[in-house]
Amino acid sequence: MTLDEFKSIGNPNGLTPLLQALWHDANEDWVNAHLITQEINTQDAAWIHAYLHRKEGDQSNAHYWYQQAGRKFPTISLSEEWQEIARHLLE
């Protein structure tokens with residue numbers, strides 16, 4: 001699946017949980033995105049969790065989760081980071 005195909009999906013059923021989380025975030029459902037990621041203990045989930053807290057404005061919590069993901073705090077926009085995460089998960 002390409003990034004454009006992913007962006008146009010109308011329903012996240014059938015996607016992996018982490019792609020479902022990104023889908024929910026893109027569809028203005030931060031709460032469900034967060035609920036999904038906090039239940040998964042992987043570096044990719046930690047990356048999404050970090051992104052979500054960065055988006056929320058909780059920089060301290062975001063820093064913690066970027067560390068758990070093995071990533072530096074990004075300097076790119078939230079939109080660019082969302083796309084980077086999606087591309088990574090779609091590989």
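Author: Three aromatic pairs are counted, where rings of Phe, Tyr and Trp (its six-membered ring) pair if their centres lie within 6.5 Å. Planes under 30 degrees apart count as stacked, over 60 as edge-to-face and the rest as tilted. One of the pairs is Phe6 with Trp82, which is stacked, with 5.7 Å from centre to centre and 15° between the planes. This pair links distant parts of the chain, since Phe6 belongs to helix 1 (residues 3-7) and Trp82 to helix 6 (residues 78-90), 76 residues apart. Helices here are DSSP runs (H or I, at least four residues), numbered from the N terminus. Both Phe6 and Trp82 are buried, a term for under 20% relative accessible area, with exposed meaning over 50% and partly exposed in between (1.4 Å probe, protein chains only).

The model is predicted: local features need pLDDT of at least 70, side-chain atom pairs count only at pLDDT 80 or more, and totals for chains, interfaces and linings use all residues. Residues are numbered from 1 along each chain as its sequence is written, and side-chain values use heavy atoms, with hydrogens and water left out.

Tyr66 and Phe73 form an edge-to-face pair, because their ring centres are 5.2 Å apart and their planes stand at 70°. Tyr66 is buried, at 1% relative accessibility, whereas Phe73 is partly exposed, at 28%.

A charge also sits over a ring: Arg71 lies over the face of Trp47, 3.4 Å from the ring centre. The rule requires NZ of Lys or CZ of Arg within 6 Å of the ring centre and within 35 degrees of the ring normal.

As for the helices, helix 2 (residues 17-26) packs with helix 4 (residues 43-56) at an angle of about 15°, the axes being 10 Å apart. Axes are lines fitted to C-alpha atoms, for helices over the stretch in contact, and angles run from 0 to 180 degrees between N-to-C directions. Helix 2 is therefore roughly parallel to helix 4 (under 35 degrees; over 145 is roughly antiparallel, 65 to 115 roughly perpendicular, the rest oblique). Leu18, Leu22 and Asp25 of helix 2 make the contact with residues of helix 4 including Ile48, Tyr51 and Leu52, contact meaning heavy atoms within 4.5 Å.

Helix 2 also packs with helix 3 (residues 30-38), at about 160° and with axes 7 Å apart. These two helices are thus roughly antiparallel. Among the residues in this contact are Leu18 and Asp25 of helix 2 and Trp30 and Ile36 of helix 3.
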